[in-house]
Amino acid sequence: MAVDHAYARELGDFLRARRGRLRPRDVGLEPGPRRKVAGLRREEVALLAGLSTDYYQRMEQGREVRPSDEVLDALASALDLDDEERRHLFTLARAARRPAAVRTRRAPERVPDGTRRLLHVMGTPAVVLGRHLDVLAWNTLAEALLGDPATLPPGRRNMLMVLFEDPGTPARCPDWETTALQYIGMLRAAVATDPTHPRATTIIGELSIRSADFRRLWARHEVRETVHGTKLFRHPQVGELTLDWDVYPLPGNPGPVLLVYTAEPGTADDERVRLLASLHASRESRTARADRPGPSKAARRQALETRTP
């Protein structure tokens with residue numbers, strides 16, 4: 001009998017998505033005539049993994065099953081999972097073995113004071129991200145590169161939400177879909193550890209309603225625990241720049257991470273980052289002067305009266 005177990009449901013969805021990704025010839029099987037499914041059939045996966053079709057079907061349906069590590073290894077081989085996907089499979093399955101009533105402890109995400117100080121002395125764009133890609137803190141160079149998160153309501157300060165909801169993002173991010181899959185993979189990894197987390201539920205639910213692209217990419221069940229990469233930006237003031245990015249974990253388990261963008265010293269990209277910093281500093285200075293209150297009429301009159309002829 002099926003039970004309401006979030007991890008088992010997530011496990012079933014993942015298996016279904018990976019089964020649909022494979023074709024019979026990918027695993028040495030002949031398609032046969034009058035085939036109705038694009039990917040592998042359940043019975044084909046069961047055959048490849050050495051399981052009964054009924055047992056495998058119960059797993060896909062999210063029923064109360066507790067697969068052994070040997071069964072998981074067999075499924076990983078049958079579905080041709082890579083290392084990250086295999087880890088994801090084991091994370092979900094081991095969590096599904098626990099009673100559904102077990103609650104996950106959820107501590108508030110906090111940015112250490114030392115990390116905030118570090119952000120503001122760094123000479124490169126950097127942000128602190130929560131486990132669901134919420135922007136928790138940032139420095140002025142990140143603001144210049146990515147836009148000012150402070151202009152958004154707190155609940156919308158999320159890298160994934162901005163990527164799918166801001167109509168200007170594709171113009172600024174030429175490799176938009178690659179970036180989207182990276183972010184989705186990171187969120188998938190967070191969901192695997194706590195699929196009923198309210199923040200995850202909110203983000204996935206709202207984006208599923210508002211964005212057909214999100215629904216399409218989320219359904220692929222991509223899993224990427226990426227901690228570094230390269231990203232191309234198209235900035236309206238300094239043009240295109242390609243930056244390396246790296247993720248550094250902060251205290252807490254799981255806790256926020258520090259995402260840092262850097263350029264190779266002496267390159268054109270490094271020069272553009274410096275130019276961006278200079279332009280942003282100039283704009284901030286002009287804004288501060290414009291906001292500074294001028295002398296009152298009485299003060300100006302007194303200054304004129306006391307001026308030496």
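1. The axes of helix H2 (residues 42-49) and helix H4 (residues 69-78) come within 8 Å of each other and cross at roughly 120 degrees. Axes here are lines fitted to C-alpha atoms, for helices over the stretch in contact, with angles from 0 to 180 degrees between N-to-C directions. H2 and H4 are therefore oblique to each other, given that angles under 35 degrees count as roughly parallel, over 145 as roughly antiparallel, 65 to 115 as roughly perpendicular and the rest as oblique. The crossing of H2 and H4 is right-handed, that is, the near helix is turned clockwise from the far one by less than a right angle.

2. In this crossing, Val-45, Leu-48 and Ala-49 of H2 meet Ala-74, Leu-75 and Ala-78 of H4 (contact means heavy atoms within 4.5 Å). The residues of the contact comprise six nonpolar, no polar and no charged; Ala, Val, Leu, Ile, Met, Phe, Trp, Tyr, Cys and Pro count as nonpolar, Asp, Glu, Lys and Arg as charged, and the others, Gly among them, as polar.

3. The model is predicted: local features need pLDDT of at least 70 and side-chain atom pairs pLDDT 80 or more, while totals for chains, interfaces and linings use all residues. Residues are numbered from 1 along each chain as its sequence is written, and side-chain values use heavy atoms, with hydrogens and water left out. Helices (H or I, at least four residues) and strands (E, at least two) are DSSP runs, numbered from the N terminus.

4. Strand S1 (residues 126-129) pairs with strand S2 (residues 135-138) in the antiparallel sense over three bridges, and Val-128 stands opposite Ala-137 in S2. S1 and S2 form a hairpin with five residues between them, where Leu-133 in the turn has a positive phi of about 70 degrees.

5. Leu-232 stands opposite Thr-242 in S4.

Key:
Pairing = 2+ DSSP bridges.
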